[in-house]
There are 2 protein chains.
Amino acid sequence: MNASMRELALAARDAAAAIAALSTTAKRAALNRMADEIERQCAAILAANALDVEAAIAAGRADALVDRLRLDPTRLAGVAAGVRAVADLPDPVGQVTRRETRPNGIRVERVRIPLGLIAMIYEARPNVTADAAALCFMAGNVVLLRGGSEAFHSNQAIAAALRDALRASGLPPAAITLIEDLRRESVLELLQLTDLVDLAIPRGGESLIRFVAEHARVPVIKHYRGVCHLYVDASADAELALRLLIDGKTTRPAVCNALETLLVHADLAPAFVPRAVAALRRRGVQVRGCERTRALAPDVEPADEADYAAEFLDLVIAVRVVDDLDAAIEHIRRYGSDHTEVIAASDEAAIERFVGALRSAVIMVNASSRFSDGGELGLGAEIGISTTRLHAYGPMGAEALTIERFVVRGEGQIRHAPDE
Amino acid sequence: MNASMRELALAARDAAAAIAALSTTAKRAALNRMADEIERQCAAILAANALDVEAAIAAGRADALVDRLRLDPTRLAGVAAGVRAVADLPDPVGQVTRRETRPNGIRVERVRIPLGLIAMIYEARPNVTADAAALCFMAGNVVLLRGGSEAFHSNQAIAAALRDALRASGLPPAAITLIEDLRRESVLELLQLTDLVDLAIPRGGESLIRFVAEHARVPVIKHYRGVCHLYVDASADAELALRLLIDGKTTRPAVCNALETLLVHADLAPAFVPRAVAALRRRGVQVRGCERTRALAPDVEPADEADYAAEFLDLVIAVRVVDDLDAAIEHIRRYGSDHTEVIAASDEAAIERFVGALRSAVIMVNASSRFSDGGELGLGAEIGISTTRLHAYGPMGAEALTIERFVVRGEGQIRHAPDE
């Protein structure tokens with residue numbers, strides 16, 4: 001008999017005040033203990049992972065999924081190292097972001113406090129269990145983890161190690177709770193707990209995100225598609241643009257900050273497109289292009305509307321020649337997913353117009369889309385990349401798992417003069 | 001035939017890029033023009049308002065509602081002055097909140113951009129039409145305004161003035177759109193437009209907020225109940241506590257930052273409760289108390305669970321004697337609405353424990369709950385007071401109508417070394 005989501009959430013919530021009140025030192029000690037426990041329980045975690053991997057292979061799952069699922073001693077050491085890295089982050093809780101003394105003498109401070117109870121809903125990769133739990137914990141939150149069925153045993157073993165570390169630290173294990181009920185109904189129930197769950201973070205494929213977004217009554221920050229563009233301006237350095245193109249498209253095509261579409265200014269197209277297509281092809285990338293692209297690089301397959309909107313997550317790219325910067329902006333506004341856009345250009349006016357006209361979470365000027373990542377951008381770690389234009393937009397680190405509130409100190413100030 | 005919500009939202013969204021790109025100077029000029037137009041169209045607005053007031057009286061609506069609805073030349077001048085005050089606010093758009101150069105040389109900036117399209121859903125008071133439109137506009141957003149039926153003609157007249165000012169400024173009037181379709185279905189439709197609406201802000205009574213929260217598929221920041229507490233510690237200065245009590249409860253009982261419950265430390269209760277009850281009674285406040293309160297101040301009516309959870313919005317208060325600070329914290333955690341809590345105390349340890357243990361949006365230490373207001377706390381203006389623990393918590397000013405995104409500048413940096 002599974003515990004109901006409400007029971008699990010209530011137990012987590014009961015632990016919330018204790019976790020929120022922890023000192024930075026205490027949180028760091030507990031996180032380092034979690035990393036130690038992951039290493040100490042290495043054999044058990046790998047054995048559990050083997051069950052998941054076998055089941056995935058038996059079920060005929062794609063190699064890419066099996067690979068994402070698989071842990072080995074090196075990867076597990078990486079998971080533990082990730083938890084230790086979170087322990088070294090600055091503690092966002094208690095940070096005073098603003099101070100002001102008002103004319104009446106009251107001192108107004110904005111102070112970061114934890115969000116509270118976070119429900120993390122994710123898929124295949126078992127490392128997310130440790131990463132998300134660690135980051136939520138460092139920000140003073142309690143977390144309900146709802147991983148995918150493929151990684152069930154791995155998640156169970158990792159969560160057990162984390163909870164052992166909480167217990168050994170004298171902290172309530174309910175602060176990190178793995179939901180073991182894998183029915184879809186349990187997610188549905190979780191998403192209705194508006195009195196308990198402060199934030200749901202879905203992270204995974206499109207159908208997962210859609211399911212959560214459609215059914216949630218609790219606040220949701222989506223970690224959705226990255227249809228990332230590289231626009232190569234007439235003023236671009238072609239070598240630089242080529243480098244960004246290859247890095248963005250080919251180094252890890254299955255991640256959300258990989259490039260999906262190349263837009264090339266018509267003036268540069270005759271010189272750039274043939275080289276770009278050849279370089280992509282040499283690396284096994286399938287190129288789908290507009291008519292003008294195809295005129296410049298024969299044997300390119302035709303691109304259609306669906307290709308421009310696609311997050312290929314694979315060695316496939318759409319290429320389009322555009323008349324000018326405005327046409328590039330219009331294309332991105334129409335087909336983009338507000339995740340990450342790149343401009344290669346040397347013309348400052350073009351750069352500023354590109355930055356100003358687009359509302360994507362991350363704009364890269366002469367830098368690779370692959371830097372759209374919490375670690376690369378200086379957040380230390382990330383729980384994901386938000387495409388929700390509220391609270392946090394782009395890579396979300398520990399700070400984005402807190403909220404600023406007001407603490408006001410006075411000496412008896414009142415708003416209206418007393419009437420007696 | 002009413003325009004569909006999708007059509008109105010699409011038209012507003014078409015105006016969004018132009019508004020987002022406006023300079024501070026252009027926004028200030030347009031806002032001052034809006035204030036001018038409100039004054040210039042004073043007669044038309046007051047005539048429209050008279051229709052609403054007559055209808056409300058004819059419908060037998062409560063005096064308090066009729067009063068909130070009524071405009072006169074002085075109040076309308078106040079509305080125009082409010083719009084001019086917004087024009088004087090610092091422009092949050094374009095603000096760089098952080099800058100960092102990473103080891104690889106890329107420069108990472110966090111820059112504020114507008115949220116986009118905001119749907120404001122509110123009730124009776126017609127001044128909200130101008131206030132909300134002005135604040136959204138200053139933050140570079142476009143706004144759909146869905147006011148209540150009671151203020152329909154007033155809202156129409158005010159919106160007409162605002163849109164005339166937009167036109168005169170050469171800006172698309174769709175940037176400020178009043179929804180004239182007053183059917184509940186239209187709100188429902190609006191709340192489903194996840195591809196167009198970036199944020200819905202409901203502001204009004206409990207049933208409005210609940211309706212929006214239950215039906216919205218777009219992100220919502222609720223402006224919900226304020227069940228605000230004053231805790232008088234054993235270490236409190238009784239005179240100071242009494243001043244906070246009277247200011248918090250009696251100066252404007254119908255607003256959300258008014259006090260609803262008084263908690264008194266048992267040690268101070270014999271000296272404080274009789275004085276407090278007498279002072280409240282002198283100002284016409286009905287007092288409902290726990291058994292210990294009633295033992296100290298006879299003729300106090302008994303308070304029940306419902307009284308502790310109530311937002312009276314009236315000259316009624318619940319009073320409870322608590323054993324100690326922990327009991328006060330427990331009471332507030334149980335019955336509070338996370339809006340604003342006040343402690344009167346001189347013991348620093350007690351103060352810090354109160355601040356740390358509670359997760360309310362605003363904590364006042366020896367200052368009146370009535371300062372829980374964007375203007376009083378230095379935001380210049382507010383669109384409301386968020387009780388949603390995400391994005392903005394507590395009074396929301398212009399800055400809370402923007403989001404930080406990443407702008408990264410490099411010289412061709414890539415994440416992986418090229419393989420050739």
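This is a predicted model: local features need pLDDT of at least 70, side-chain atom pairs count only at pLDDT 80 or more; totals for chains, interfaces and linings use all residues.
Q: In E10(A), which residue is the bridge partner of A:Arg288?
A: Residues are numbered from 1 along each chain as its sequence is written, while chains are lettered from A and ligands numbered from 1 in the order in which they are written. E9(A) and E10(A) pair in the parallel sense over two bridges, where strands (DSSP runs of E, at least two residues, numbered from the N terminus) pair if DSSP finds at least two bridges between them. In E10(A), the bridge partner of A:Arg288 is A:Glu301.

Q: In E11(A), which residue is the bridge partner of A:Gly289?
A: Strand E9 of chain A, residues 286-289, pairs with E11(A) in the parallel sense over four bridges. E11 of chain A covers residues 316-322. In E11(A), A:Gly289 has as its bridge partner A:Val319.

Q: Is A:Val319 buried or exposed?
A: A:Val319 touches, among others, A:Leu262, A:Val287, A:Cys290 and A:Tyr308, not counting residues up to four places away in sequence; contact means heavy atoms within 4.5 Å. Buried means under 20% relative accessible area, exposed over 50%, and partly exposed in between, with a 1.4 Å probe and protein chains only. At 1% relative accessibility, A:Val319 counts as buried.

Q: How far apart in space are A:Val319 and A:Asp307, C-alpha to C-alpha?
A: In sequence, A:Val319 and A:Asp307 are 12 residues apart. Their C-alpha to C-alpha distance in space is 9.4 Å.

Q: Which strands stand at the edges of the open sheet of 10 strands?
A: The order in this sheet is E10(A)-E9(A)-E11(A)-E8(A)-E7(A)-E12(A)-E13(A)-E16(B)-E2(B)-E1(B), with mixed pairing. Two strands have a single partner strand each, so one side of each is left without a neighbour in the sheet. They are strand E10 (301-302) of chain A and strand E1 (96-101) of chain B.

Q: In E16(B), which residue is the bridge partner of B:Glu109?
A: Strand E2 of chain B (residues 107-114) and strand E16 of chain B (residues 402-413) pair in the antiparallel sense over eight bridges. In E16(B), the partner of B:Glu109 is B:Val407.

Q: In the open sheet of four strands in chain A, what is the order?
A: The pairing in this sheet is parallel. Strands E5 (176-178) and E6 (199-203) of chain A have a single partner strand each, so they stand at the edges. The order is E5-E4-E3-E6.

Q: What angle does the direction of helix H1 of chain A make with that of E4(A)?
A: Helix H1 (residues 5-20) of chain A packs on the sheet, touching strand E3 (117-122), E4 and E5 of chain A; helices are DSSP runs of H or I, at least four residues. Axes are lines fitted to C-alpha atoms, for helices over the stretch in contact, and angles run from 0 to 180 degrees between N-to-C directions. Between H1 and E4(A) the angle is about 145°.

Q: How many residues of strand E6 of chain B are buried?
A: B:Leu199, B:Ile201 and B:Arg203 point one way from E6(B), and B:Ala200 and B:Pro202 the other way. Strand E6 of chain B (residues 199-203) is largely enclosed by the rest of the structure, because the number of its residues that are buried is five of the five.

Q: How many disulfides does a search of the whole structure find?
A: A disulfide is a pair of cysteine sulfur atoms within 2.5 Å. The search over all chains finds zero.

Q: How far is A:Cys256 from the nearest cysteine sulfur?
A: A:Cys256 is in no disulfide. At 25% relative accessibility, A:Cys256 counts as partly exposed. The nearest cysteine sulfur is that of A:Cys228, at 6.8 Å.

Q: By what turn can chain B be laid on chain A?
A: Copies are superposed by least squares on the C-alpha atoms of residues with pLDDT of at least 70 in both. The RMSD is 0.0 Å, with a shift of 0.0 Å along the axis and a turn of 180°.

Q: Of the residues of chain B, which comes closest to the rotation axis?
A: The two copies are related as by a two-fold rotation axis. At 1.9 Å (C-alpha), the residue of chain B closest to the axis is B:His391.

Definitions and conventions
Side-chain values use heavy atoms; hydrogens and water are left out.
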